[in-house]
Amino acid sequence: MESNKKTEYRAPALEKGLEILELLAEQSEPLSKKQIAEKLNRSINEIFRMLSVLMERQYIEYDSETSCYSLTLKMFALSNQHPPIAQLLKRANPLMEALCHKVNQSCHLCSYKNGELLVIAREESPYKMGFSLRLGSKIDICSSGSGIVLLSFSEAKQRKEILKKARATTDEVAHALSHIDKTVEQGFYIGESPQISGVTNISVPIFGVLGEVMAVITVPYMTLNSNTVHHHIEDIEHTKTQLLSVAGQLSQNL
């Protein structure tokens with residue numbers, strides 16, 4: 001006789017640890033032990049051991065000056081050990097470095113994971129001035145060139161899911177969607193940054209073996225005055241051509 005009763009397996013300690021990691025991932029600032037307990041609706045005693053283990057395994061770090069906890073980059077590093085991403089990064093890093101030296105601009109590589117667009121690789125401009133993003137930074141999908149490219153080259157169903165998880169206003173979503181047709185037609189996105197004056201985003205998709213968008217490579221082109229910086233500055237058109245070449249090489253090698 002079969003039983004209709006479902007057996008529910010619980011792992012309370014694991015659940016507490018995951019709750020802490022998920023909470024810290026959502027925060028822009030480190031949290032104290034008391035703040036973590038309050039936000040998770042748990043007692044300090046309940047989370048004390050979890051914090052100790054997570055610190056020992058280097059998933060979180062403790063700042064003795066502020067008595068606060070924050071995530072390390074260990075989870076980020078683990079996620080990038082997945083073979084396709086590891087292969088992409090191995091190939092991308094030297095190409096990105098060469099690109100930055102050619103155009104005197106910075107560039108970064110983003111990948112969409114678990115509802116977030118993250119910077120998984122970056123290279124700074126060799127010049128003393130430039131604009132760059134930190135490794136592991138989260139990028140606003142509807143307010144970035146990288147996000148618009150991701151949406152443009154994703155299938156309709158996937159695009160809907162991405163927008164559902166994106167923390168964007170109605171206007172931001174409308175702005176992103178208004179660029180899709182042109183981006184698909186061109187094969188890339190180019191436009192003024194909605195967040196930073198003087199920066200033009202040039203973003204190009206990198207495709208996986210099945211034709212899916214595996215990553216997006218972007219040059220946040222910073223407008224510099226060649227008369228005052230005393231060196232040659234490649235224009236946006238040349239920078240775009242160089243970026244398309246790099247993206248093409250990365251897509252072919254996958």
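The following questions and answers walk through a few local features of this predicted model.

Student: At what angle do helix α1 and helix α3 pack, and are they roughly parallel or roughly perpendicular to each other?

Tutor: Two packed helices are described by the angle between their axes and the distance between the axes. Helix α1, residues 12-26, and helix α3, residues 44-56, have axes 10 Å apart and an angle of about 70 degrees. Angles of 65 to 115 degrees count as roughly perpendicular, and α1 and α3 are therefore roughly perpendicular.

Student: Which residues make the contact of α1 with α3, and how many of them are nonpolar?

Tutor: From α1 the contact takes Ala 13, Lys 16, Gly 17, Ile 20 and Leu 21, while α3 brings Glu 46, Ile 47, Met 50, Leu 51 and Leu 54.

Student: Where is Asn 41 found, and what is its phi?

Tutor: Asn 41 is found in the loop between α2, residues 33-40, and α3, and it is exposed, with a relative accessible area of 72%. Most residues other than glycine have a negative phi. Asn 41 is not a glycine, and yet its phi is positive, at about 60 degrees.

Student: Is Gln 58 buried or exposed?

Tutor: Gln 58 has its place in the loop between α3 and β2, residues 60-63, and its phi is a positive value near 65 degrees, although the residue is other than glycine. Exposed means a relative accessible area over 50%, and because the value for Gln 58 is 55%, the residue counts as exposed.

Student: Which residues lie nearest the centre of the second largest pocket, and what is its volume?

Tutor: The lining of this pocket has 23 residues, with Gly 208, Glu 212, Val 213, Met 214 and Ala 215 nearest the centre. At least two lining residues come from each of α5 (83-103), β4 (107-113) and β9 (213-222). The lining divides into 13 nonpolar, seven polar and three charged residues, and the volume of the second largest pocket is about 410 Å³.

Key. Residues numbered from 1 in each chain as written. Predicted model: local features only at pLDDT ≥ 70, side-chain atom pairs only at ≥ 80, totals over all residues. Heavy atoms only, no water. 1 Å grid on protein atoms, 1.4 Å probe; cavity = no way out; pocket = protein on both sides within 12 Å on 5 of 7 lines; lining within 4 Å. Points joined across faces, edges and corners; volume = space filled by probe spheres on them. Helix = DSSP H or I, 4+ residues; strand = E, 2+ residues; numbered from the N terminus. Nonpolar A, V, L, I, M, F, W, Y, C, P; charged D, E, K, R; others polar. Axes fitted to C-alpha atoms, helices over the stretch in contact; angles between N-to-C directions. Parallel < 35°, antiparallel > 145°, perpendicular 65-115°, else oblique. Contact = heavy atoms within 4.5 Å. Buried < 20%, exposed > 50% of the residue type's maximum accessible area, 1.4 Å probe, protein only.
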